[in-house]
Amino acid sequence: MARNILIIEDDAEILRVLETVLTFHDFEVTGLSRTDDIIAAVKNYNPDLVLTDYMLPGLNGGRICQLIKGNEDTRHIPVILISAYHEQAIALVNFGYDAFVPKPFDINKLVKTINRFLN
């Protein structure tokens, strides 16, 4: 059974690459360029994992992590934060993400990180 990944990435090219690669690796993928209500999106798409960029219009990835991890119904869902911002700068605030993957990312390492949480 394919695992469902919700990707939130506002760069259309990166989103397309992520959707293509993760679909190739037998994941079911839903891509959004933004969300202003992450809890509604999670309830709608029922992902097994959320992959989100940090810099987004509307809610940023850090706030998305906080909202997912702060909600009783969604806190069990792993959240991977991806960003070109340095991890230490983002880590200054405890967003609650399960893993951080810096951009530019190695797609094989990203898939291994995803699999670590879904297997």
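Q: What does Ala-2 touch, not counting residues up to four places away in sequence?
A: Ala-2 touches Asp-26 and Glu-28. Keep in mind that you're looking at a predicted model. A touch here means heavy atoms within 4.5 Å.

Q: Why is Ala-2 called partly exposed?
A: Its relative accessible area is 33%. Buried would need under 20% and exposed over 50%, so a value in between gets the label partly exposed. You'll find Ala-2 in the segment before S1.

Q: How do you know whether Asn-46 is buried or exposed?
A: Check its relative accessible area, which is 57%. The cut-off for exposed is over 50%, so exposed is the word. Asn-46 belongs to the loop between H2 and S3.

Q: What makes the peptide bond from Lys-103 to Pro-104 stand out?
A: That bond is cis, with omega near -5°. Most peptide bonds are trans. Pro-104 is in the loop between S5 and H5.

Q: Why is Asp-53 called buried?
A: Asp-53 has a relative accessible area of 5%, and buried means under 20%. Asp-53 is part of strand S3, and its contacts beyond four places in sequence include Ile-8, Gly-61, Leu-81 and Lys-103.

Q: How do you know that Asp-53 and Lys-103 make a polar contact?
A: Their side chains come together at 3.2 Å. A polar contact needs N or O atoms within 3.5 Å, one able to donate a hydrogen and the other to accept it, so the pair qualifies.

Q: What polar partners does the side chain of Lys-69 have?
A: One is the side chain of Asp-98, at 2.8 Å. Another is the backbone oxygen of Ile-77, which lies 2.8 Å from a polar atom of the Lys-69 side chain. Both Ile-77 and Asp-98 are on the list of residues that Lys-69 touches, along with Arg-75, Pro-78, Val-79 and Gly-96.

Q: Which residues of H3 are buried, and how do you know which side of the helix they are on?
A: In H3 (residues 61-69), the buried ones are Gly-61, Gly-62, Ile-64, Cys-65, Ile-68 and Lys-69. They cover an arc of only 160° around the axis, so they are on the same side of H3. They pack against strand S1 (3-8), helix H2 (38-45), strand S3 (49-53) and strand S4 (79-83).

Q: Which residues touch the most other members of the largest nonpolar core?
A: That core has 20 residues, and the ones with the most partners in it are Leu-6, Ile-8, Ile-38, Val-42, Val-50, Ile-64 and Ile-68. S1, H2, H3 and S4 each give two or more residues to this core, and H2 has the largest share, four.

Q: What makes S2 and S5 edge strands?
A: The sheet is open and has five strands, in the order S2-S1-S3-S4-S5, paired in parallel. Strand S2 (27-32) and strand S5 (99-102) each pair on one side only. From one strand to the next, the twist averages 20°.

Q: How do you know that S4 and S5 are paired?
A: Count the bridges: four of them join S4 to S5. Pairing takes at least two, so these strands pass.

Notes
Residues numbered from 1 in each chain as written. Predicted model: local features only at pLDDT ≥ 70, side-chain atom pairs only at ≥ 80, totals over all residues. Heavy atoms only, no water. Buried < 20%, exposed > 50% of the residue type's maximum accessible area, 1.4 Å probe, protein only. Arc of directions from axis to C-beta. Core = buried A, V, L, I, M, F, W, Y, C linked by side-chain atoms within 4.5 Å. Axes fitted to C-alpha atoms, helices over the stretch in contact; angles between N-to-C directions.
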